[in-house]
Amino acid sequence: MTIFQPPNVRTISVVVPAFNEARRIAAAIAQLDAAPPPAGLAREIVIVDDGSTDGTIDILRSLAASRTDLRLIEHRVNQGKGAALRTGLQSASGDVVIIHDADMEYDPRDHADALQPILEGKADVVIGSRFIGSAHRVLYYWHYVANTLITRYSNMLSNLNLTDIECCTKAFTREVIQKLSIEENRFGVEPELVAKVARLRLGPDNRRARVYEVAVSYAGRTYAEGKKIGWKDGVRALWAITKYSFR
C-alpha cells in the first residue's frame, strides 16, 4: 500500500484574474488580507489585470507599489479569464497554488478548507463546490440547470464524481501546476482544467492525480452587478469538455 506523506509546503500562491473590477478590487484584496494563510505558511498574491479599462489597473498599481506580497501582472488588452489564469499560474511561485476571483463572489476564508487536503498529503487537486452544503446566494435557476448538465457531462467523460466543475476555487500542488498547460482563453478554462486533471499522471509510479472536493460559500452577482458569463460560454464549456477529454 502506498503511503502518502504531506508535501513540504512553505508558500501559498493565490492567483487572481481581474477585469474591470474597479468597484470591488480594493475590497477584494482587503478580504484576502483578513483571511491569512494557515499558520506557518507565507503567501503571495498574484493578480493579473486582463486589460481593464475602468480604473482597476490604477488601483492595483497603487496597492502593488506599497506591498511586497502582491505581484501585479498586466495584460495590455483583454484576453479572457483563461488567458489571465495562464499568465498567473505560470508566474506563481508557491508550493501550492489556489485560484480566487476578484469579484467577491467567493470568500477567501474558504481557502483553508480547500488547502487542507493538500497540506495533509491526501490530495493533489482540490475543487470547490457551491452545491454541497455551504451558504450561497440564490439567483438564476437556469444557470444552475446548465451548470448541472455541464458537470454531469464532464463526469461522464472524466470518470470523476464532482458536483460543480465551474466553481472558481481550485487548488493545485506545484507538481500539478508544472504539468498543466491552459489553452482556453475564456471561461472554457474551468472544464479544461478538470478534463486535464482527470488524465494527469504523477510521481515515479505514474499514479492518477488525487482529486478532492470541498464546500465553499458563494455570493453570486447579477448581470446588473457585473456578472460576465453568458450562454455562449456554456456552449464553449461543452466543447471544451469534449475536446480535452478525448484528445
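Visitor: Why is Asn78 called partly exposed?

Guide: This is a predicted model, and in it Asn78 has a relative accessible area of 39%. Buried means under 20% and exposed means over 50%. Because 39% falls in between, Asn78 counts as partly exposed.

Visitor: Where is Asn78 found?

Guide: Look at the loop between E3 and H3. Setting aside neighbours within four places in sequence, Asn78 is in contact with Phe19, Asp50 and Gly51.

Visitor: What makes the link between the side chains of Asn78 and Asp50 a polar contact?

Guide: The distance is 2.7 Å, and the cut-off for a pair of N or O atoms is within 3.5 Å. So the pair passes on distance and is listed as a polar contact.

Visitor: Arg130 next. How do you know that Arg130 is buried?

Guide: Its relative accessible area is 10%. Since buried means under 20%, Arg130 is buried. You'll find Arg130 in the loop between strand E5 (125–129) and helix H5 (141–158). The side chain of Arg130 also has a polar contact of 2.7 Å with that of Asp164.

Visitor: What makes helix H3 largely enclosed by the rest of the structure?

Guide: Count the buried residues: nine of the 11 in H3 (residues 81–91) are buried, so the helix is largely enclosed. Among them are Lys81, Arg86 and Leu89. The elements covering the buried residues of H3 include strand E1 (11–18), strand E2 (42–50), helix H6 (174–179) and H7.

Visitor: And why is helix H7 called largely enclosed?

Guide: Much the same kind of reasoning works here. In H7 (residues 189–199), 10 of the 11 residues are buried, so the rest of the structure largely encloses this helix. The buried residues include Glu190, Leu193 and Lys196.

Visitor: Zooming out, how do you know that the chain agrees with a compact globule?

Guide: Compare two values. With 247 residues, a compact globule would have a radius of gyration near 18 Å, and the chain has 17 Å, so the two agree. The C-alpha trace spans about 55 × 45 × 35 Å along its principal axes.

Visitor: How many of the chain's 247 residues are buried, as a percentage?

Guide: Buried residues make up 51%. As for contacts between residues at least 6 apart in sequence, 78% join residues at least 24 apart.

Visitor: What does the secondary structure of the chain come to?

Guide: Eight helices and nine strands.

Conventions:
Residues numbered from 1 in each chain as written. Predicted model: local features only at pLDDT ≥ 70, side-chain atom pairs only at ≥ 80, totals over all residues. Heavy atoms only, no water. Helix = DSSP H or I, 4+ residues; strand = E, 2+ residues; numbered from the N terminus. Buried < 20%, exposed > 50% of the residue type's maximum accessible area, 1.4 Å probe, protein only. Polar contact = N/O pair within 3.5 Å; in protein donor to acceptor, adjacent residues only side chain to side chain. Rg over C-alpha atoms; globule rule 2.2 N^0.38 Å. Contact = heavy atoms within 4.5 Å.
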